[in-house]
Every structure is written in structure tokens, then in C-alpha cells.
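Here is a friendly briefing on a two-sided contact and a few of the elements around it. Please take a look at the model first, then read on.

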Amino acid sequence: MTASADALDVAAAVRRGDVRASARLISRIEAGDESIVPVLQSLYLAGGNTPVIGITGPPGAGKSTLVDQLVSRYRAKSLTVAVLAIDPASPFSGGAILGDRVRMVRHNTDSGVFIRSMSSRGVLGGLARAAGDALIVLGAMGKDLILVETVGVGQNEIDIMRHAGSVVILQTPGTGDAVQAVKAGILEIGDVFVVNKSDTPGADRTVAALREAIEFRYDPHDANAWLPSVLKTQATDASGVEELVQTIERHAAHLASHPQAQRQRLLAQARVRITELVSEGLRRRYLGSHAMNAPFAALLDDLVDRRTDPYAAAGRLLGAVG
Amino acid sequence: MSAGVTIRCLLGMLGTDVHSKGIRTLAQLLRDRGVEVIYLGEHNTADGMVSALIAEDADVIGLSFSTSTYVHYTRDLIERMKAAGVDDVPVMLGGLIHREDEAELRSIGVKGIFGPGSTTEQIVRFLEEVTGKRLSAGRDGFG
């Protein structure tokens, strides 16, 4: 009873934009505190109105600097912004240096900006879930838009980017030839491609290679298709940033005017979100320290002694889940 | 979800001090001990640091100084932490801190002082003590 009253209080505080309540709620998400589920449930049901822009790319591409510039642009337009900046944790110690914020210090004292750093620590496969939950909180805070930044393009990052309405992929010149650009992984998820550090030699070649690869994938006969833009920016002096803002707006407008494409995207997000929760539930059920029970222990014995095989054993567990 | 528990430590420098080698070194040492370091770098204002502290919900705040103005800056920061209602977050200082200033710093509210010769072990023990959390002792690799 008190738990649900507490949940209502927390949810109300987050929806008022209370920074401390929101910050603590995100900490509880990171800690895997299951008692906050009712808060997230109520925030989710009331949410979904804040656009989420995802920014990803290799380390050192200039993501945080670009995010800093984007925040300044949006603030100049009197829009309030929430930022979720995700940095990798050490696979050895679980510790991390969350250094994205250091590029954004000028926004620290701006009450129209909320920045939260998150590490990919030990939440095996659960990072996207934790990030998705954090995005629910940021979305409920009443900011006008959300920026989410992640390193690299691994499966985790792709799953996080699926929470975004528009995905910006950052590249830098000199990171490879046309063959690198057509390698699978990044082209599929990007709505806007940015070649940052455009003052370095080779920028135009990188743009051309990306454009070629993107146009190859584009189907002009598909009425819902969006042709991803390729832009050049120099995040250190903000050149190209206004064009990026406009391109992101154009992508949002494209989705708004193509409800079918928008719906497909939201359904894909919903699918990923639910799969994350199910897989985390399974992980918790079978890998947690308190997860052992007699039938499960017997199944493990059978597996080790080769009385059954991993496929049959997993099939039995999944069958039990239904 | 034992992996969920960690210590979040805000590290940064105030004022015009640009000697960041020490704090960058500490950031790496703490990361290797399982701490989540939120690195703010140089040239922070006290207000900016307090805002970051609240948004990041950090457990501890660590400042590094290599200039003699640390008493002034630290007092200013702790006063603003008080005004914001977050002075329960322990403050630690590192760098070129003179022994004769330690009493004054402690009277201002500084909880940990790690001048020249301090070891990572001492800092880690301090962090565990003031947060009541243990650093990655029981990791079983199963997240």
C-alpha cells in the first residue's frame, strides 16, 4: 500500500520535472531495483510525447561535442533538452569514466537542460533495457526533446538506438574507404549521417562513399522510404550544426506525414522493449544467485552428464515459460 | 542484480587550475577499482558542479587542486551544496593540500583529504566507508 503511494509520489515529482527525484529514479533503474516498476508503468502510460534523437558513432568521432552544440542550438530556440550519455564500463573492473559531460559543462547551470551519464556496467544484455527505462523518466520530465548518446555500433547500441525516433550516425574522415561504408551494421539504423571533423582531409570522400552506399539501399518506389541525408559538421565550431537540426526536423516531419512508416517504427521499438524485458526476466530467473531450485539443478546435472543436450534443456525451460 | 551496486564519484576541478594530470590519473585508478567516475574536468563553477552532482545522483564528490586557493573554492562549493540541500554528499580533496590547512578544511566540512603520498588504497577505503558500499567484491560475472 505504502509502496504504491510512494510510486505515485515519485511519478508525480518526475512529471513536475523535479531533478532530484528524476535523478534518484534513474539510479534505482541502474541498480535493478524492481520496486520502481509501478513508477515506470505509470510514466510509460502517460508518456510517448517527447521526441528522442539518438546519436552514435565510434569513440572520438565527436559525439559529445556535437551533442553540446545541439543542446545550445535547441536552447537558442527556447527548447528544453534532456540528455542521456552512455559510456562503456570496464569489462574487467565494472568501473567507468563517464566523460561525456565534460564536453557539456556550459549547460550545467541551465535549468532547461538535464544531463545524465550512464555506464554500461555489468548489465549484460540489460543496458538497452536500463537505457529504455531511463528514457521513460526523461520523457516524463516534460522536456521538449531528448538526446541519447552511445559509443560504437555494437548490438547493444543498436538496441538503444531503437528507442530513438531519429538516429544520427557520426563518422569521421579517414576511417576507411567505400568498402567500410557498405559494411553492414550502421547503414541500416541511420536516418541522418554526419561526417564530423569536416575540416580534415578526406571529408568529401567519406561523404561520397556514404552517399553512394545509402542511395544503393534506398528504394524510390517505396512511398514510405526516407532517404537518409549525409551532412558535414565541425562540432568544435558548430559549423553544419544548424543544418543538422533542420535535417532532424525534416526526418521527424517525414515520419509525421507517413503514419504507416511511423507506426512500423514504433511497433519495432515496442517489440525490442518487450523482448528486452522477457530476456532479462529469463536471465534473472536462471542466472541469479537465488534462482536455483531442485528441478533446475537436476536439469543442469542432466546437461553436464550428457543425459540431455543444451537445445532440449532450453526448449524445456522455454516451454515452461509458455 | 548485485552488479547494480556501485559507487558513483564526481571528479572535477574548480576555478582556473589547469593541472589535471592528477585528477585524470585518479579517475583511471578508481575506474580500475570498479568506481563509476563522472569526470567533469577543469574550469567548473561551484554552481555547475552542484547541478551536475544532483543530476548524476553521485555518492561522493572529489576535487583536485594544485593552486593555493583551495580553501576559498572548497568553502564556496560546500556553501552552495548546503543551499541546494545536498551537503550530505561527502567531499574529498586531493592534490597539493598543505598539512596546516587540513584542520580548516575539515571544519568547513571536507570529509577526506588526500595530499601528496596518498595511496589508491586509502582513497578506496574512504569511498567504501563514506558510502557504505563495497566495490565489486562479489561479482560472479552473471550480471
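Strand 4 of chain A is mostly covered, with seven of its seven residues buried (buried means under 20% relative accessible area, exposed over 50% and partly exposed in between, with a 1.4 Å probe and protein chains only). Strands (E, at least two residues) and helices (H or I, at least four) are DSSP runs, numbered from the N terminus.

This is a predicted model, in which local features need pLDDT of at least 70 and side-chain atom pairs count only at pLDDT 80 or more, while totals for chains, interfaces and linings use all residues. Residues are numbered from 1 along each chain as its sequence is written, chains are lettered from A and ligands numbered from 1 in the order in which they are written, and side-chain values use heavy atoms, leaving out hydrogens and water.

**Strand 4 and its partner**
- A:V113, A:I115, A:S117 and A:S119 point one way from strand 4 of chain A, while A:F114, A:R116 and A:M118 point the other way, and all are buried.
- Strand 2 (residues 81-87) of chain A pairs with strand 4 of chain A in the parallel sense over seven bridges; two strands pair if DSSP finds at least two bridges between them.
- In strand 4 of chain A, A:S119 is the bridge partner of A:D87.

**Around A:R75**
- A:R75 sits in helix 4 (residues 63-76) of chain A.
- Because its relative accessibility is 25%, A:R75 counts as partly exposed.
- Beyond its neighbours within four places in sequence, A:R75 is in contact (heavy atoms within 4.5 Å) with A:T80, A:V81, A:D110, A:G112 and A:V113.

**Where chain A meets chain B**
- Chain A gives 34 residues to the contact and chain B gives 37 residues.
- The two chains bury about 2,800 Å² between them, 54% of it on carbon and sulfur atoms; buried area is the accessible area (1.4 Å probe) that two parts lose on being put together, summed over both.
- Three salt bridges are counted between chain A and chain B, each a side-chain nitrogen of Lys or Arg within 4 Å of a carboxyl oxygen of Asp or Glu.
- One salt bridge joins the side chains of B:E56 and A:R101 (2.6 Å, N to O).
- On the side of chain A that touches chain B, helix 2 (19-30), strand 3 (96-98), strand 4 (113-119) and helix 10 (259-287) of chain A each give two or more residues.
- Helix 2 of chain A makes the largest share of that side, six residues.

**Strands across the interface**
- Strand 3 of chain A and strand 2 (residues 36-44) of chain B pair in the parallel sense over three bridges.
- A:I97 stands opposite B:V37 in strand 2 of chain B.
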